[in-house]
Amino acid sequence: YQPLERKLEITRGILKVFANYRHPVGIITKNSLVLRDLDLLQDLAKDNLVHVYISITSLDEKLRRIMEPRTASALKRLQTVEALAKAGIPVGIMNAPIIPGLNHHEIPEVLKAAAQCGAQTVGMTIVRLNGSIGKIFEDWLRKNFPDRFDKVWNQISAMHGGHVNDSQFGRRMTG
């Protein structure tokens, strides 16, 4: 549910095809626009063909604005979870990326808030800094959290065998 989706309705069109052919679909989004397609999601849910995950990185709005500018607030995302759950749509959250020293301590609070809103499942991913993303993240971290840079960077490295990325399947998402 990218911003242009509001105008183009590409995702809605795809959901119509899935509904027509009774094909299963999973959705992960940060955007409450998913509620626009509630009719199609409910139709798919009747046959257990859909699961929606709402990404929640942090409940700390100051941190969320730094990590994910121009995205919905944590409160709006939790309200989206609640609306989906009340509409009978299987819904969970994706608590990601987990960044040691920045948001890892929030995991229990995020999960509790999500469960209270009706989330049935949760997924998580430890931060991965593959390819050029490592340098971009390093620059972002130095600029936004200079006081915590060394701690965060070293903890990420420690989780990935001394590197900030581990590309081996089965290990790369957990550290």
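Okay, let's start with strand β3, residues 91–98: seven of its eight residues are buried, meaning under 20% relative accessible area with a 1.4 Å probe, protein chains only (over 50% is exposed, in between is partly exposed). Strands here are DSSP E runs of at least two residues, helices are H or I runs of at least four, and both are numbered from the N terminus.

Quick housekeeping: this is a predicted model, with local features needing pLDDT of at least 70 and side-chain atom pairs pLDDT 80 or more, while totals for chains, interfaces and linings use all residues. Numbering runs from 1 along each chain as its sequence is written, and side-chain values use heavy atoms, without hydrogens and water.

So who are β3's neighbours? β2, residues 50–55, pairs with β3 in the parallel sense over four bridges, where pairing takes at least two DSSP bridges. Tyrosine 53 sits opposite glycine 92 there. β4, residues 121–126, is also parallel to β3, over five bridges, and methionine 94 faces glycine 123.

Now, salt bridges: a Lys or Arg side-chain nitrogen within 4 Å of an Asp or Glu carboxyl oxygen. That rule gives 14. Take arginine 12 and aspartate 37, at 2.9 Å between the closest N and O atoms. Arginine 12 is in helix α2 and aspartate 37 in the loop between β1 and α3, so the pair ties together parts 25 residues apart in sequence. Buried or exposed? Arginine 12 is buried at 15%, and aspartate 37 is buried at 0%.

Then there's glutamate 138 with arginine 142, at 3.2 Å, both in helix α7 and four residues apart, about one turn. Glutamate 138 is buried at 16%; arginine 142 is partly exposed at 45%.
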